[in-house]
Amino acid sequence: MGSVLVYHTINFADGRHDCPEMISPDRFEQQLSWLSRNRKVVPLVDTLSKDRSKAVAITFDDGYRDNLTIALPLLEKYRLPMTLFVVAGFVGGENYLSEDELREIAKHPLVTIGSHGLWHRHFTELVRKDARFELIESQRRLRNIIKAPVNLLAWPYGDCNVELEKLSSECGYRASWSVWKGSNGTHSRWRVPLGNRDNMLRFIAKASGIYGLTEAKWHRVRHSERDPAPQIHSLRYE
Ligand SMILES: [Zn+2]
């Protein structure tokens, strides 16, 4: 079984309660070291083909500056590829990549750039016209900055549904990733979020597809118990 991992920010506040998705550089390096020795890590798009279903892919969400300054040098050290899903409207904001930095990281042979929407909104709460605008405008802005096509998407908060999956295809996205929501089809593929509660044992479990399957099922059960009309609330690490 394969696994697509989700990181956000790699920095020095490991253990801070207000930022559970922040992972320290040391811990990140331990994880990369383990992956490089124990798993086949491939570019994200390669996980779409059946023969790579056992592989692991690394993704980053939101577009933090430390993805360039801290994460990339470590990924280079272990020669591991990553896909960076950027919130187009956050580019140039405090702690986020500037346009120049985004251009720089996009040129790196280990890096693929995808969209994470324009303003990181809950897509399932948007009317179709606004959802369409987010999808197309984020793609257009990112393409104009990096001067290359942008055709991969990660849904903010993992929020998607059947209509949105269709819409992302109509807007020219080749594939889209959620977290646990959606069908796990081409436009809502499941990913495994990581945070600073993940010690090495939990990380190894998350880097195996077994964890992904179990967690996805468990998420569905919890969601259907709590709210029969799903996909409104956000989850941790998304
Ligand atoms: Zn996000």
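**Close-up 1. Helices α4 and α5 pack at an angle of about 40°.** Helix α4 spans residues 128-146 and helix α5 spans residues 162-170. Their axes lie 10 Å apart. That angle makes α4 oblique to α5 (under 35 degrees is roughly parallel, over 145 roughly antiparallel, 65 to 115 roughly perpendicular, and the rest oblique). Axes are lines fitted to C-alpha atoms over the stretch in contact, and angles run from 0 to 180 degrees between N-to-C directions. The model is predicted: local features need pLDDT of at least 70, side-chain atom pairs count only at pLDDT 80 or more, and totals for chains, interfaces and linings use all residues. Residues are numbered from 1 along each chain as its sequence is written.

**Close-up 2. Residues of α4 meet residues of α5.** Ala131, Arg132 and Leu135 are on the α4 side. Leu164, Leu167 and Ser168 are on the α5 side. Contact means C-beta atoms, placed from the backbone, within 7 Å.

**Close-up 3. Strand β4 pairs with β1 and with β5.** Strand β1 covers residues 3-7, and β5 covers residues 82-86. β1 and β4 pair in the parallel sense over five bridges. β4 and β5 also pair in the parallel sense, over five bridges. Pairing needs at least two DSSP bridges. Phe60 in β4 stands opposite Tyr7. Phe60 also stands opposite Leu84 in β5.

**Close-up 4. Strand β4 is mostly covered.** β4 runs over residues 56-62, and seven of its seven residues are buried (20 or more other C-beta atoms within 10 Å of a residue's own; exposed is 12 or fewer, partly exposed in between; C-beta atoms are placed from the backbone).

Technical notes: Helices (H or I, at least four residues) and strands (E, at least two) are DSSP runs, numbered from the N terminus. Two residues are in contact if their C-beta atoms, placed from the backbone, lie within 7 Å.
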